[in-house]
Amino acid sequence: MKVQYDESQLSVIECESDKICAEAKAGAGKTTTAIGFAARRSNEKFIYLCLNKAMQLDAQRRFGPNVECRTTHSVAFGSVGRFFADRVTAKWGARLIADEMGERSPRVAAAARAALLKFFGDTERDVQDHHIQDIQNDWQLYGPEPDRALELARKVWRKMQDTKAKVSMPHDAYLKLWALTEPQFKHQRVILDEGQDTNPIIAQVIRSQKTAKVLVLGDRHQGIYLFRGSLNFMREFAESGATVIDLPRTWRFGDRTAAIANEILGRLKGETTKIIGMGKDEPAPKKGGRIAFLSRTNSVLFGVAAQRRGKSVHWVGGIQNYRIEAVEDAYRLYSGQLGAIRDSIIRRYQSWAQYEEDMEATKDAEARILVKLVQQFRHEIPQLVQELRDNEERDPERAEVVLSTAHKMKGLDADHVVIGDDFECLFDAEEQLDGGGVLTPEMEQEINLLYVAVTRARKSVRLNLETKDWIARHGILLPGDAVTA
């Protein structure tokens with residue numbers, strides 16, 4: 001079936017600039033536009049770079065044969081990472097660094113890890129003093145700790161570069177190694193999707209292309225990966241001389257959801273380009289039907305699933321990606337069943353008190369969630385975890401409830417969305433604006449995350465308590481609201 005593009009999409013597809021920045025609001029059909037852009041140039045070779053494997057697989061089904069669809073990590077692994085494959089781990093934490101490097105202080109190991117994570121995302125070739133200075137206040141380092149953490153970070157990085165060393169490394173380490181080789185794509189054109197979530201090192205790779213023409217697509221208000229070192233490459237690329245084209249029409253949702261998004265972005269981020277809802281609003285069914293429950297944290301989802309004992313619950317990406325087994329192992333540590341612990345990180349602890357102490361010392365967000373869950377469910381956890389696992393509905397079409405964090409729901413949508421009450425940022429954001437006129441980067445991320453969650457809805461969105469209160473206090477009348485005399 002032939003796609004009917006609107007005038008904004010056609011402006012992108014027909015643009016012949018070497019550098020194009022397509023500012024697409026949520027649901028504006030940016031991938032469809034990119035497909036049309038590549039199809040129009042079927043005699044040219046493209047590489048389409050996206051954030052994750054799910055997006056890559058979807059793109060492979062939709063793009064034509066002239067487009068190679070990859071994640072940046074897969075490109076980096078094929079070039080460099082494969083030489084370190086046996087050392088790459090998703091569980092690269094402070095305790096692992098301390099054990100491998102013989103560091104006795106978990107605080108120093110955690111600070112070195114935080115500094116390295118910053119280093120992996122930026123354009124420096126070696127770990128610098130500022131990588132520690134950037135995190136020194138957050139970790140409240142004192143005395144000799146900053147120097148020790150810096151030296152440890154440098155030592156870890158040196159070992160990571162040595163193909164004969166045994167030190168573990170995260171996926172971002174080989175991405176960094178690849179980027180430092182100043183790679184040039186062999187393709188005539190590069191399409192970078194989700195440009196708002198590009199970190200400085202990948203931005204440098206895109207900027208350094210000598211022959212390939214570049215199309216960057218994204219929504220600057222959907223940048224939600226500051227904690228991974230992402231920057232607003234949409235703004236930077238636009239200011240570098242790229243041709244900027246706005247895509248304001250959304251084909252995902254109607255006037256009501258568009259109005260909610262416009263109020264959040266307009267009042268708190270100064271956005272003047274209004275989202276135009278071209279979809280259709282429909283009320284959520286009172287009985288039956290499927291809802292997607294989106295939260296900010298895993299712990300809230302665990303609580304929602306626990307209420308149903310996991311029955312008719314689909315977890316986006318699979319329950320295994322929500323660290324459910326870690327809840328079980330955390331309980332085993334709590335109850336003294338040390339020999340039964342399977343998680344390699346939790347197994348290193350000798351007591352629950354030590355785990356809680358390390359959680360406070362390292363400010364580990366995942367550990368904090370696990371502590372909260374164990375405190376809430378305690379001895380009910382083993383049976384509950386088993387029921388959640390056994391009752392998982394793998395087919396989302398057969399589930400009554402779809403669970404996801406807003407981060408994992410990025411790029412996806414659902415007919416009817418419920419927003420969890422762990423989104424709390426609107427009034428704090430207004431206080432920041434009243435006090436200094438600007439949002440901190442961290443607060444901007446919170447606003448973006450709420451915007452992402454709200455705009456996953458195709459037909460209806462049930463807002464969280466704070467957003468409802470915020471709308472009421474401002475006297476905002478949304479499309480479909482009853483007008484009272």
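Analyst: Leu 96 has its place in helix α5, residues 94-101; helices (H or I, at least four residues) and strands (E, at least two) are DSSP runs, numbered from the N terminus. The model is a predicted one, in which local features need pLDDT of at least 70 and side-chain atom pairs count only at pLDDT 80 or more, while totals for chains, interfaces and linings use all residues. Residues are numbered from 1 along each chain as its sequence is written, and side-chain values use heavy atoms, with hydrogens and water left out.

User: Why is Leu 96 called buried?

Analyst: Buried means under 20% relative accessible area, exposed over 50%, and partly exposed in between, with a 1.4 Å probe and protein chains only. The relative accessible area of Leu 96 is 10%, so Leu 96 is buried.

User: Which residues does Leu 96 touch, not counting residues up to four places away in sequence?

Analyst: Leu 96 touches Thr 89, Lys 91, Ser 168, Ile 345 and Arg 348 on that count. Contact here means heavy atoms within 4.5 Å.

User: Which residues of helix α7 are buried, and what makes them line one face of the helix?

Analyst: In α7, residues 129-139, the buried residues are His 131, Ile 132, Ile 135 and Trp 139. Seen down the axis of α7, they fall within an arc of 85 degrees, so they line one face of the helix; the arc is that of the directions from the helix axis to the C-beta atoms. An α-helix has 3.6 residues a turn, so residues three or four places apart point the same way.

User: What does the face of α7 turned away from its buried side carry, and what covers the buried residues?

Analyst: The face turned away carries Gln 133 and Asn 137, which are exposed. The cover over the buried residues of α7 includes α6 (106-121), α8 (145-161) and α15 (352-362).

User: Which residues of helix α4 are buried, and how do you know that they line one face?

Analyst: Thr 72, Val 75 and Ala 76 are the buried residues of α4, residues 72-79. Their arc, seen down the axis of α4, is within 95 degrees, so they line one face of the helix. Among the elements covering them is β3 (67-71).

User: What makes β2 and β3 paired strands?

Analyst: Two strands pair if DSSP finds at least two bridges between them. Five bridges join β2 to β3, and the two run parallel. In one of these bridges, Ile 47 has Glu 68 of β3 as its partner.
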